[in-house]
Amino acid sequence: MGITLRLAWRNLWRQPRRTWLTAGAMIFSNVILVFMVSLQFGMYGMMIDNTLAVFTGHLQVQAPGYIDDKKMRQSIPDAVALGESLRQGLGIDTVAVRASAFALASSEERSFGVQVVGIQPDYEPRVSSLPGLVTAGRYPDSNDALEAIVGTVLARNLKVDVGDELTLIGSGRDGSFAASIVIISGIFDSGMADIDRSFIQIPLGTFQDVFFMESAAHEIVIKTADLSLVDGVVAQTESLVPAGSDLVVHDWDALNPGLKQAIQADLAGAWFMYGILVILVAFSVLNTVLMSVLERTREFGIVMSLGLTPGRLGRLVMLETSLMGIIGFVFGILIGAGLIVYVGINGFSYPGMDEMADRFNMPERIYPTVQMLPLLLGPTIVFVGTVLASLYPAARLNWLEPVQAMRAA
Amino acid sequence: MRTAAVVARLAWRNLWRNHRRTIIMLAAIAIGVWAMMFMTALMRGMVNDMVRDAVKSLPGHVQVHNAGYRDDPSVVNSLEMPSGELLAALNGPEVTAWAPRVRVPAVISSERESRGVTLIGVDPAMERDISFVTDATTTGRFLEGSADSGLIIGAKLADTLDTELGKRVVLMSQDPDNEIADRGFRVVGIFDAKVQNLEEAFVFIGLTTAQKMLRIDRQIHEIAIAGSGFRDVAPLENSIAAAAGPELSVLPWFELDAYLGTMLGVMDGFVLVWIVVVFLALSFGLVNTLVMAVFERVREIGLMLALGMKPYVILSQIIVESILLLLIGLLIGNLLAWATVIPLQDGIDVSMVAEGMEMFGASAVLYPELLLDDVIMANVIVVVLGIVASLSPAWRASRYQPIEAITKA
């Protein structure tokens, strides 16, 4: 093997410009792949984390059908008690019970239809980032206070501030008329207009009184320490839900199907583009290897007549390509990683990113980090493509007739 | 003139001296060009479709509001029915259709459920030419006149409200004095929208019915105006803005929906970047091919120089070779793109990720659009950059010292 390797290495540098141009194609594609894939993976992670952190949590226990219809009577009986037993059974305190309804919220001057969410003041801050985003006033602190927090946009539209009264009119679980007056204890600012405009939160106890829920609620939200633990916690939660009840457990993907699908749609487009890049590199490699084989026809004829088998020669050609591939691989990863580190310091942004970021719950600048999988994925595929491209030129050697080859021009 | 003919002939013949290399390069160029066009067509189709749908659901290319309405969409931020100069501008040549609308937030309640919606009062005859909803009303009928007492709701909303055609629901909003304005309506029509959000967001009633219910006499909130197309709305916007005066805000669709406006801009940028990136990936192969073609002809070139051929003829010969290669590749690539886009023009079904596409604001069917502008841009970029890339090998070839070149092994 030693001599083959040495031969291969020397052969590469018989035409240094060609070798560098071919390796250049690989390096170019690898840098693009490394950078783009890292950026995408980073973005997806942030999209998922930010979207789920605000409100959804990682999994929820709900009544069957609630996920699609969100009807008031699709409720969980004795929800607070169940929430407590889940907290104990799972051994975590990031479990919170919620209920929700629509109501007309009226201030002195304005009325708007809003979603009213009943929350447990003690536990909600553990599953959702929203309580931490209260910029004026404070989050409700007792379970049956007649208090509410509203978003900045809604507060502006209702022309209210902390301490003002808000009248809620809607219908209760049984369809009867439900009304209450609450005092605005705080205003939150999530930076996402849709969220800041569309709902208010009141303590769960108050909610259950006003909307005739008795002890029922609509969702038990659970947040896990890490996204990768979700599957295990789902299974655990399913075993803890009282036997005989028809409650269902949904993971974040089911709760937020748009999220994963948006990522998939984006990925599908990206794979197409990356695939094209890899194919173009493969063609470039094929061309180079084929040329280097053709111009050595006579040389190959001589060594074959001296007893070298076509298989051995084929390996030599593949080895040459692999060496070239390794150069592309190493330089591609080094330059790509360097680029990520450099961009990671200042953050990455492009014109129009603000609006996109708003839509997908992302910050306005992305700080990509060097991670193993996105770093290796693209270059590995390029490397495999490179080796595959050298198969045809290598296989051609099998049909080479030594005598004719030696006579070749 | 004769030199040109000779150069072209020489270049053409040289191209086919090593037909394998030429064919591989042609294949790479053709695939690259195909990928440029196909991806661009998909992206263009998606974004143009998004914009067209958005223009139908906003609706209009330009909208007129009370200056305070966009920040505070309240019943009081209204405007007079257009008259005088504004009316004249609305009937002017730039405008293809316009519609006055009442538009306020409201709560809709069935006997079981309540939801927050945007209540829209429309004049059915004028709405017909501008909004999606008249065509999308598939069950029941659309409103028959401004004073129609019926209500049109979306299919998804009907589902969550547990209501159906012919049933009664209650709409609740506020009048200008912040008194509750409510009224019972019979559902006379149900619409299906391409994007499910719309089905939940909007309900439609007659314009005068809405004005009566909200106790606003002849006041409206929005004038939706359609022009000839979404690309160039500036003349339309200017003529309306001039007539509307400073108290009213006149905004084009890309400001009404900043995300969409950004998407269009990002897409224009993306198309250019994509074409250039694919070209760069190709250029390594192209330069490599030319370098090899020059390298293996060093002696021949030296001979031609010694016989008195001018260096610039050599230079142009290499460049013509490159242009011929590019042109054939472009021809095949363009044909391939055309051949793959045409059969897909009825739409590519991506309903697997429908909810993800909805997050982007796109529908679940992609209609690729091969725009002449994009085709021209891609071809011009490839030819121009192709010539630039071949300058270096061509220059090198024309600078050989005849004696050294001839004696080269």
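The crossing of H1(A) and H13(A) in this predicted model is right-handed, and this pair of helices makes a friendly place to begin. Two packed helices are described by the angle between their axes and the distance between the axes. Here helix H1 (residues 2–12) and helix H13 (residues 310–346) of chain A have axes that come within 9 Å and cross at roughly 60°. That angle makes H1(A) oblique to H13(A). On the H1(A) side, the contact is made by A:Thr4, A:Leu5, A:Leu7, A:Ala8, A:Trp9, A:Asn11 and A:Leu12. Facing them from H13(A) are A:Arg315, A:Leu316, A:Leu319, A:Glu320, A:Leu323 and A:Met324. Sorted by class, the contact of H1(A) with H13(A) has nine nonpolar, two polar and two charged residues.

The next helix along chain A is H2(A). It has 41 residues, and from its first C-alpha to its last it reaches 57 Å. That span is close to the 60 Å expected at 1.5 Å a residue. H2(A) is followed by A:Gly57, a residue whose phi is positive, near 75°.

Attention can now turn to the domains. In chain A, the domain assignment gives domain 1 as 2–52 + 259–407 and domain 2 as 59–223. The centres of domain 1 of chain A and domain 2 of chain A, taken over C-alpha atoms, are separated by 52 Å.

Chain B is likewise divided into domain 1 (2–54 + 261–407) and domain 2 (59–256). For this chain, 49 Å separate the centres of domain 1 of chain B and domain 2 of chain B, again taken over C-alpha atoms. Where the two domains of chain B touch, eight residues of domain 1 are in contact with eight residues of domain 2. On the domain 1 side of this contact, H2 and H11 of chain B each supply at least two residues. The largest share of that side, four residues, comes from H2(B). By class, the domain 1 side of chain B divides into three nonpolar, two polar and three charged residues.

H2(B) also takes part in helix packing. The axes of helix H2 (residues 19–57) and helix H11 (residues 258–295) of chain B come within 10 Å and cross at roughly 180°. H2(B) and H11(B) are therefore roughly antiparallel to each other. Their contact contains 23 nonpolar residues, four polar and one charged.

A further partner of H2(B) is helix H13 (residues 311–341) of chain B, which packs against H2(B) at an angle of about 40°, with the axes 7 Å apart. H2(B) and H13(B) are therefore oblique to each other, and their crossing is right-handed. Among the residues that H2(B) brings to this contact are B:Met25, B:Leu26, B:Ile29, B:Trp34 and B:Phe38. H13(B) contributes residues including B:Leu325, B:Ile328, B:Gly329, B:Ile332 and B:Gly333. The contact of H2(B) with H13(B) has 17 nonpolar, six polar and no charged residues.

Finally, the two chains meet. In this interface, 56 residues of chain A are in contact with 54 residues of chain B. Both helices and strands of chain A take part, with helix H2 (16–56), helix H11 (257–294), helix H14 (353–359), strand E2 (95–106), strand E3 (111–119) and strand E6 (165–171) each supplying at least two residues of the side that touches chain B. The largest share of this side, 21 residues, comes from H11(A). The residues of the side of chain A that touches chain B divide into 28 nonpolar, 18 polar and ten charged.

Key:
Residues numbered from 1 in each chain as written. Chains lettered and ligands numbered in written order. Predicted model: local features only at pLDDT ≥ 70, side-chain atom pairs only at ≥ 80, totals over all residues. Domains from an automatic or database assignment. Contact = placed C-beta atoms within 7 Å. Nonpolar A, V, L, I, M, F, W, Y, C, P; charged D, E, K, R; others polar. Axes fitted to C-alpha atoms, helices over the stretch in contact; angles between N-to-C directions. Parallel < 35°, antiparallel > 145°, perpendicular 65-115°, else oblique. Left-handed = near helix turned anticlockwise from the far one by under 90°. Expected span 1.5 Å × (residues − 1).
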